[in-house]
Amino acid sequence: MADVRWGLIGCGDIARKRVAPALRDAEGGRLVSVSRARADLAADFAKEFGAAKWYPDWRGQVHDSDIDAVYIATPVDLHAQQTVAAAEAGKHVLCEKPMALDVASCDRMIAACKANSVRLGVAYYRRFYPVVKRIKEMLDWEEFGRIVIAQVNAFESFNPKPWEPRAWLVDPAQAGGGPMMDFGSHRVELLLNLLGPVGDVKGFLDRIRFDRKVEDTGLAVMRFEGGARAQITVTHAAAEPRDTLDIYGTAGSIHVESLNRGDLRIVGQFGDRQESHPPHANLHQPLVEDFIQALRKMREPAVSGEAGRDVQRVLETIYRE
């Protein structure tokens, strides 16, 4: 199969830092075009990352016959519209997380991709962290007995000014919510991946520090069908950053001080030991390369549209409570 020719829709901060380099550098892939509403910035971005074409309007990009797949890196409220349009134009879609504003939109995205025989993936890149794969392997072996409790903390001090580029992340019309919707979605996907389907979900969302339309702090309590309980705590309000995962079972426990570093402490029948499983230097690279391999091998991507919908179902419950 020839290289997958990529179009990048959206040229914001994460696209510049990770997505565009991943599309450009991926084995079996090639970054062909980018789109951004400001034509001058789109042209500069294309030049910076070696894309031959740029568009001020994404609609023209999805109809470009030189494109096989698009990576959608726009605000959440645009994901469904852009995915459906790309699918109807015959393009495969890798969409940023969270997948959409609601489950109904996820359903439309999945249906459009199926109807047009294109693949749909969602950018939950933590699925590809070596430390996450290692933990899943140990859980599958039942090394820690029956899992009882999982706890996830994700803290990032963040309250952008209205004119700053990332201010859309605290606009409910564009983002759907605050930290629970943004990086909390990553933690929901992490727990679904490790612990399986979820049963009951209860959410608590508050504005403790900042006066704005979305929460600055959120907590979710989840009961999994396998019996385990889990808690996700996220905040923009705390001064100290946190990115932790702790899992406690009847025969041992797992502790990750920072998921983005991959340092792992294991307490179990073999004693207390340390392991290190750092992620790829570009966190998006394994995600993009898995999607390319999915196209080449005619399989679903590791994080499919259905997986993205499962996360959205949990988030929708949290925000409805």
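This is a predicted model: local features need pLDDT of at least 70, side-chain atom pairs count only at pLDDT 80 or more; totals for chains, interfaces and linings use all residues.
Residues are numbered from 1 along each chain as its sequence is written, and side-chain values use heavy atoms, with hydrogens and water left out.

Begin by selecting E48 and R16, which form a salt bridge with 2.1 Å between the closest N and O atoms; the term requires a side-chain nitrogen of Lys or Arg within 4 Å of a carboxyl oxygen of Asp or Glu. This pair links distant parts of the chain, with E48 in helix 2 and R16 in helix 1 (residues 13-25), 32 residues apart. Helices (H or I, at least four residues) and strands (E, at least two) are DSSP runs numbered from the N terminus. E48 is partly exposed at 44% relative accessible area, and R16 is partly exposed at 34%, where buried means under 20%, exposed over 50% and partly exposed in between (1.4 Å probe, protein chains only).

Next select R187 and D243, a salt bridge whose closest N and O atoms are 2.6 Å apart. Here R187 lies in helix 8 (residues 184-195) and D243 in strand 11 (residues 242-249), 56 residues apart; R187 is buried at 5% relative accessible area, and D243 is buried at 10%.

Staying in helix 2 (residues 39-49), select F45 and F49, which are four residues apart and thus separated by about one helical turn. F45 is buried at 0%, as is F49 at 7%. A tilted aromatic pair is also formed by Y125 and Y129, at 6.2 Å centre to centre and 35° between the planes; pairing requires ring centres of Phe, Tyr or Trp (its six-membered ring) within 6.5 Å, with planes under 30 degrees apart counted as stacked, over 60 as edge-to-face and the rest as tilted. Both of these tyrosines, Y125 and Y129, are buried.

Now select C95, C106 and C113. The sulfur of C95 is 8.7 Å from its closest cysteine sulfur, in C106, which is too far for a bond, and the sulfur of C113 is 9.3 Å from its closest, in C95, again too far. The count is zero disulfides, a disulfide being a pair of cysteine sulfur atoms within 2.5 Å.

Finally, select I149, which is found in strand 7 (residues 147-155) and is partly exposed at 31% relative accessible area.
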